Structures are given as structure tokens and as C-alpha cells.
Amino acid sequence: AFLEKHGFTSLLKRLEAGSGSPSRKTDLNPPKPTTAGAAAAGEGEGNRQPLPEMPRIDQAAYVTVQDMASLQDWIARATAARLVAVDTETTSLDSIHADLVGVSLAIAPNEACYIPLAHGSDDMFAQKPQMVPINEALAALKPLLEDEAVLKVFQNGKYDLNVLARLGINVAPIDDTMVISFALDAGRGEEGMGGGHGMDELSQRHLGHTPIPFKDLCGTGKKAISFAEVPLDRATAYAAEDADITWRLHAHLKPRLAIEGGSKVYERVDRPLI
């Protein structure tokens, strides 16, 4: 009706809208969500595409990698998959001063792991959990993270790339679900971390899932602890879930770029700026 009123006849023809009434099948019969998550997110939130079929998030399926044999197995699986979601856990929100505590990987829904690298109390007499020595783990991960044939997917990857670059790992090629979301849905959502495109909001919007809150693990205020002090079972549930959610968001959002004409802006402008 707006186009008709203002004489945009060529646009009306291009949109196959006829007189401007909602005559297209997609207007009268919007696609039904394929998961409970999509239904929970509600209708009318932009040009939403149906979610790919995925199992519900199962934190019990996540794996803690504590030896080199297990780490090499995950690296081989990620290499074969050609796409892996990656997340880092650190000691600070400042990527230039943060120390790496662990790395999580996801190669499919519920197929995610956490690789602890620097867990344990600062007390020199406290017993530390079994972990792959950090230098050996990073040396094993470096070829995967720099492999041009494997796409690494991040959520707000600028942070992780800085952390890893300081350790001599130059990650490429990459995708970033936060940046993809911004390219698709800029201006939608509450202001805040990621400008409405942070992981918690995207997970709730697109997956109908609320991630484990960071404060549930580390607390707040004076009683807050470092992520390095979080027990490995709880750290794994939190960190591997982040990678799992990132993988799922990528599977949902990336195809929309081509469908909605956002690929050129994302690939030529937004992603290079990371």
C-alpha cells in the first residue's frame, strides 16, 4: 500500500505485489518454525527463516579434553568437518591483557568440547586438575586454527582473535555470528553487548535457549572468582555450550545472507573490518 500510494510502480512489479495487497503465499502463510525455539521467539521479528532441524542443547553431551590423545582426536574431527566453532575463556574482558584459561570447540549440535589450559587456584600448594600443558596444546591447535581449508566460526571474534594472536596464532579463515547478525538485522534488539547482537540475545531469539549465565559460575562483586577457579565440570558445561550455540547460530544465520542479499556487504565490508 505504501509503494502504491507513492507511485513506486517498478518496485511493485519487482516485488510481485500486484496492487500492493498481501497476495503472496509467504505473506498469507508464513513458514512454520521447525523447532520449539523458533516458535518461542515469536513472529514478526524481521525476515526470519525456519531453523534447520537440530536436537535440543544437551550439556551432558559435552566433553572435557584433558590429554593429548583426546585433543588430537578433536582436532582431526574438526579438520574433517571443515567448519568448527571456537571460543576462548580468559581472565579478563580486556583481550590485550587477558590470560588464556581454556578453548572450546564445536563441530555439530551437542558435539562440543572444552580444553582447559590454566585451571586451578593461585595457591601454589593447591592440586591442579589434569590438563594438557598449555604450550603443547597451543602447538597442536595452531595448524587447525590457521588451516585455510577449515572455517573457524566465532561470536564476537575480534576478542578471541586478539587473545590468540598474542600467543602467535593468526586464525583464518573466519566467520562471526555477531557480525552476520548485525549485517542481517541491524537496529533490531535492545542496546547492550553486541548492540543487541550478543550471544545471550541471539540464542534466546533464534534458538529459544537461555545460556548459562557467567555470574552463576564466577559470582559477582568482591566474592567473584576467576574462570580459572571454576571446577572443570561446570566450566565445560559453560564453555562448550558457548561453542555449541555459536555453531547453531552460524547454521541458522549464514544462509540468510544469500537469501536476503547481505552477502556482499558482509564479505566485502563487515567481515574484513574484524
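Here is a short walk through the aromatic contacts of this structure. The model is predicted, so local features need pLDDT of at least 70 and side-chain atom pairs count only at pLDDT 80 or more, while totals for chains, interfaces and linings use all residues. Residues are numbered from 1 along each chain as its sequence is written, and side-chain values use heavy atoms, with hydrogens and water left out.

Let's begin with the ring pairs. Rings of Phe, Tyr and Trp (its six-membered ring) pair if their centres lie within 6.5 Å; planes under 30 degrees apart count as stacked, over 60 as edge-to-face and the rest as tilted. By this rule there are four aromatic pairs. One of them is the stacked pair of Phe214 and Phe227, at 6.4 Å centre to centre with 15° between the planes. Because Phe214 lies in helix H10 (residues 214-218) and Phe227 in the loop between H10 and helix H11 (232-259), this pair ties together parts that are 13 residues apart in sequence. Helices here are DSSP runs of H or I with at least four residues, numbered from the N terminus.

Phe227 also pairs with Tyr238, this time tilted, at 5.7 Å centre to centre and 50° between the planes. Tyr238 lies in helix H11, so the pair ties that helix to the loop holding Phe227, eleven residues apart in sequence.

How exposed are these rings? Buried means under 20% relative accessible area, exposed over 50%, and partly exposed in between (1.4 Å probe, protein chains only). Phe227 is buried at 2%, as is Tyr238 at 10%, whereas Phe214 is partly exposed at 42%. Ring pairs link Tyr114, Phe214, Phe227 and Tyr238 into a cluster.

Conventions. Helix = DSSP H or I, 4+ residues; strand = E, 2+ residues; numbered from the N terminus.
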